[in-house]
Amino acid sequence: MSSPTVQPLHALEIPTRALSLLVPSACVAEVVSHCALAALPLGPEWVLGVMGWRSKPVSVISLEAVMGRIAGSPDPLPDPNTGPRRRGNRKIVVFYPLPGRKPWEFFGIVTCAEPQSHVVDSAALASAVDTPNSGIIAMTVQLGNSVMAIPDMGALAAVLYP
Amino acid sequence: MAGENEYLRIDFGGAAFLLPGRASLAVEQRENLLVNEGGGAVGAWRAAGKDRWPAFCLDRNLQLLSGGGWQWAVFLQFDPHPVGLVADEVQLLPGSEVLVESFTPPGTAPTRKGHLFCGASVGGGQVLFEFDPNVLAALLYQLEATQ
């Protein structure tokens, strides 16, 4: 009896200021250029604002601030529309709703550079290394010279929709 | 009072929001209200028999604001008495002219009643959040208690 074959996984590297995320491409609805965000009144500090995407309102979050909030040391954030981090290569990665969530709950994560596609094989996945002290990171893997974090989508859902 | 399928677009503090038309108990012009000339977050009151309903001044972040050149007040039903907020402009939008999508604000709800917004309309590069009228009324009533 032959052992099951592990299919290569198409994944997207999402560079943020804190770390690079590696997520299955199937989780991502679209990568769009950074655009003006509407401030969400009385929202948490890690919500940068809300963008219009395909006629839907999509909350855009700062992964760094989410992780800072978990670690108890939130990073002060500049204004999402005018702050010094605004650069031409910044993107917003629009994610499909997280497992178990409502079908309209798309959300976006701001990147600090252009996301990159990767094909991840079982050998790479076997190279899991240290996990940072963050509840939303499930594991980290090394691809070439880069270490990337694989998010725990269930934990992220618990932060986004407590 | 607006109809079942209509929305009120309420502009204040340099931002605009939507309110389901069925939620508005009354929309009054400034000249029909008892304007609070003494300053403070209550912009005006609407006389209702022996009672009076407060209407609050809020900024775009829904923080209390003092004064302002508002022209309207929108009142919502609440127990023990209605509460309102003042606005620079109020516009009645037929349901056919505004597409409101469901929206769940991320994070912990800012009030005990839940999240303030239950939907949003996207168009023309603008996002208009739709208030949940029950939560908004509860928030305004809480503001009265702090005055």
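# Reading the folds of chains A and B

Tutor: In chain B, S6(B) and strand S8 (residues 83-87) run in the parallel sense and are paired over two bridges.

Student: What makes S6(B) and S8(B) a pair?

Tutor: Two strands pair if DSSP finds at least two bridges between them, and S6(B) and S8(B) have two bridges, so they meet the definition. One facing couple there is B:Phe56 with B:Leu85 in S8(B). Before we go on, this is a predicted model, where local features need pLDDT of at least 70, side-chain atom pairs count only at pLDDT 80 or more, and totals for chains, interfaces and linings use all residues. Residues are numbered from 1 along each chain as its sequence is written, while chains are lettered from A and ligands numbered from 1 in the order in which they are written.

Student: And how do you know that S5(B) pairs with S6(B)?

Tutor: Six bridges join strand S5 (residues 42-48) and strand S6 (residues 51-56) of chain B, in the antiparallel sense. B:Ala48 faces B:Asp51 across the pair. Two residues lie between the strands of this hairpin, and B:Gly49 has a positive phi near 65 degrees.

Student: What makes up chain B as a whole?

Tutor: Chain B holds one helix and twelve strands; these are DSSP runs, with helices (H or I) of at least four residues and strands (E) of at least two, numbered from the N terminus. The pattern along the sequence is β-β-β-β-β-β-β-β-β-β-β-β-α.

Student: How do you know whether the radius of gyration of chain B agrees or disagrees with that of a compact globule?

Tutor: The radius is taken over C-alpha atoms, and the globule rule is 2.2 Å times the number of residues to the power 0.38. For 147 residues that rule gives a value near 15 Å, and chain B has 15 Å, so the two agree. Its C-alpha trace spans about 40 × 30 × 25 Å along the principal axes.

Student: What about A:Arg54: buried or exposed?

Tutor: A:Arg54 has 12 C-beta neighbours inside 10 Å, so it counts as exposed. A:Arg54 sits in the loop between S4 and S5 of chain A, with phi near 50 degrees, a positive value in a residue other than glycine. Most residues other than glycine have a negative phi, and most peptide bonds are trans.

Student: Which residues does A:Val66 touch?

Tutor: Contact requires C-beta atoms, placed from the backbone, within 7 Å. Leaving out residues up to four places away in sequence, A:Val66 touches A:Trp46, A:Ile61, A:Ile136 and A:Val159. A:Val66 and A:Val159 are 93 residues apart along the chain, and their C-alpha atoms are separated by 8.0 Å. A:Val66 lies in helix H1 (residues 63-71) of chain A and is buried, with 26 other C-beta atoms within 10 Å.

Student: What makes S3(A) and S4(A) edge strands?

Tutor: The open sheet has five strands in the order S3-S6-S7-S5-S4 (chain A), with mixed pairing. Strand S3 (28-33) and S4 of chain A each pair on one side only. Within this sheet, strand S6 (residues 91-95) and strand S7 (residues 107-110) of chain A are antiparallel over four bridges, with A:Phe95 opposite A:Phe107 in S7(A).

Student: How many residues of each chain are in contact with the other?

Tutor: The count is 22 residues of chain A and 18 residues of chain B. The largest share of chain A's side, four residues, comes from S5(A).

Student: And how confident is the predictor in chain A?

Tutor: On pLDDT, the predictor's confidence in each residue from 0 to 100, chain A averages 84, and 80% of the residues score at least 70. Residues 71-80 of chain A fall below 50, yet this stretch has 19 contacts in the model beyond near neighbours in sequence.

Definitions and conventions. Contact = placed C-beta atoms within 7 Å. Buried ≥ 20, exposed ≤ 12 C-beta atoms within 10 Å, placed from the backbone.
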